[in-house]
Amino acid sequence: MNDTYYWRPAAALWHRDIVRFLRQRNRIFSALVTPLVFWVLLGAGFSPSFRPEGGGKVSYLTYFFPGTLVLIMLFTAIFSTISVIEDRREGFLQGVLVAPVAPGAIVLGKFLGGTTLAVGQAALFCVLAPFAGVTFPLHLLPALAAAFVLVGFSMTGLGFLVAWPMDSTQGFHAIMNVVLMPLWMISGALFPLPVGNSVIGWLGALNPVTYGVAAIRQSLGDQPTADMPALGLSLAVTAGFCAATFAASCLLVARRRKVA
Amino acid sequence: MDAVAASGIVKKFGDLTVLHGLDLAIPRGELFALLGPNGSGKTTFFRILTTLIAPDAGSAVVGGQDAVGDPAAVRAKIGVVFQSPSLDKKLTVRENLAYGGALYGMHGSPLAARIAELSGALRLEDKMDRLVETLSGGQQRRVEIAKCLLARPEILLLDEPSTGLDPAARMDLWSLVASLRATHGMTVIFTSHLMDESARADRVGIMSDGRLVRVDTPAALLAEAGPEILRVATVDAMRVSEFLKSQCGLAPHALEGEVRASASGAHAVCVRLTAALPDAVGSTTVSKPTLEDVFLFQTGKRLNE
């Protein structure tokens, strides 16, 4: 991991992602607006009937706020990693692959780019927190920051693993609808996961995104309940998920160079 | 030491063998052309030399480094100009060059100085802050070349460099290549399906069906094709071909609407042919051989179908 062929190229690719993003204002907009519409409409629709288990009076707008943050990060990360497919098609990637750059540096640059954008967009959405009755307990801010970064990183990782082998953006959208969106839906983002033995409960427990949602939810001051893992565990699993997607992506990039 | 030493290169895609044991040595400082039609395997070979893919068998040493075992070492020595530019069109010329340099570990004032130097050499000074997508094809190619030269590669590899360039931009490109070779002794390797372009090279490797059919200087290849080439435009290639073979002792190639043969004293053959088969002969042309004729005589196929 020398400076010349690892950190500098990674930093350049990271920086490029952000410059590109800021130049394409419609991307900023689209990654924010869809989750916002979800939040407002679902919040308005479900709030009257929403009764989480264990009592308590939580409005659905409040409940759905952390899930919306994760959705924003998922969308931003997806838009960011879809550029891998464009880069491949338009030739930019070839130029990167014939440069003496370590595979890990290509992955790191992309992951940091996606993470920065995802965290930035999520932070932007936080200005709406007062309308949701969501507060930011000071002592939990470090945990929230960590949760944002880890969730952004792992969402970018998921997107990268899907995007790298693809030749068309259509294929990516198919995987997004069939795999990525369901991962988000059964993460406790949209509804509390059922407690006890049930298929959804088990799927939720196996779903790494569940831990990201739980980490953000608890960093916003929610008390841990039976339907979600504790904050420490949530952060640890999300960090593990980050490491796993990063390692898998590095392997994928190193391998792709050898074969096709 | 050679700039490129490839031996026994085999590449398969599934059941299809694209390269059948290629051997090639290119000395340092040479301008080398890989000439062949689409599908001849030249781009696959190019991708092996540039470390984008690994061969299934054989070895490729580029710039003294093993392209299979240590691709990163090769990448540090080569500059690659792709057919479709590897530029980010949403970024400015300057940004593209800065990021391009960073990929080679360059930074700070040495990188800025190098960018300034190349932007001057490639006449890009007034375009530095324009988005690449607003530049013409020729200008984009110049940016691409500037990006490839940033890290002072020993070997420059160009894939179909003239594609998409107008004649003026082509002349520009080749005069730049000539000056790079003159000032830095750079080895330049390019693929082409154009015979006039390949004729510029010190040596030409003719590729067909995954094999290097011949490697020699353009002059030697042209000399082999004979002093004169006879082309007959005809509606009956079979009859014309038969006549040239049996009556004139030539080895003609019958093509679609045309018969071509190497002949000394071609003008005399024209007269005999026209007299014997007046209804079959549309027109006759006698010319010096080109590399396209060489390709035809070597492979029995036309270069550009």
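Predicted model: local features only at pLDDT ≥ 70, side-chain atom pairs only at ≥ 80, totals over all residues.
Residues are numbered from 1 along each chain as its sequence is written, chains are lettered from A in the order in which they are written, and side-chain values use heavy atoms, without hydrogens and water.

**Exercise 1.** Classify the ring pair of Trp39(A) and Phe65(A), and say which parts of chain A the pair ties together.

*Solution.* 
- Start with the rule: rings of Phe, Tyr and Trp (its six-membered ring) pair if their centres lie within 6.5 Å; planes under 30 degrees apart are stacked, over 60 edge-to-face, and the rest tilted.
- A search of the whole structure gives 17 aromatic pairs over all chains.
- For Trp39(A) and Phe65(A), the centres are 5.8 Å apart and the planes at 70°, so this pair is edge-to-face.
- Trp39(A) sits in helix α2 (residues 25-46) and Phe65(A) in helix α3 (residues 60-90) of chain A, so the pair ties together parts 26 residues apart in sequence. Helices here are DSSP runs (H or I, at least four residues).

**Exercise 2.** How does the domain assignment divide chain B, and what distance separates the domain centres?

*Solution.* 
- Take the bounds, which come from an automatic or database domain assignment: domain 1 of chain B covers 2-221 and domain 2 covers 226-288.
- Next, take the centres over C-alpha atoms: 40 Å separate those of domain 1 and domain 2 of chain B.

How values were computed:
Helix = DSSP H or I, 4+ residues; strand = E, 2+ residues; numbered from the N terminus.
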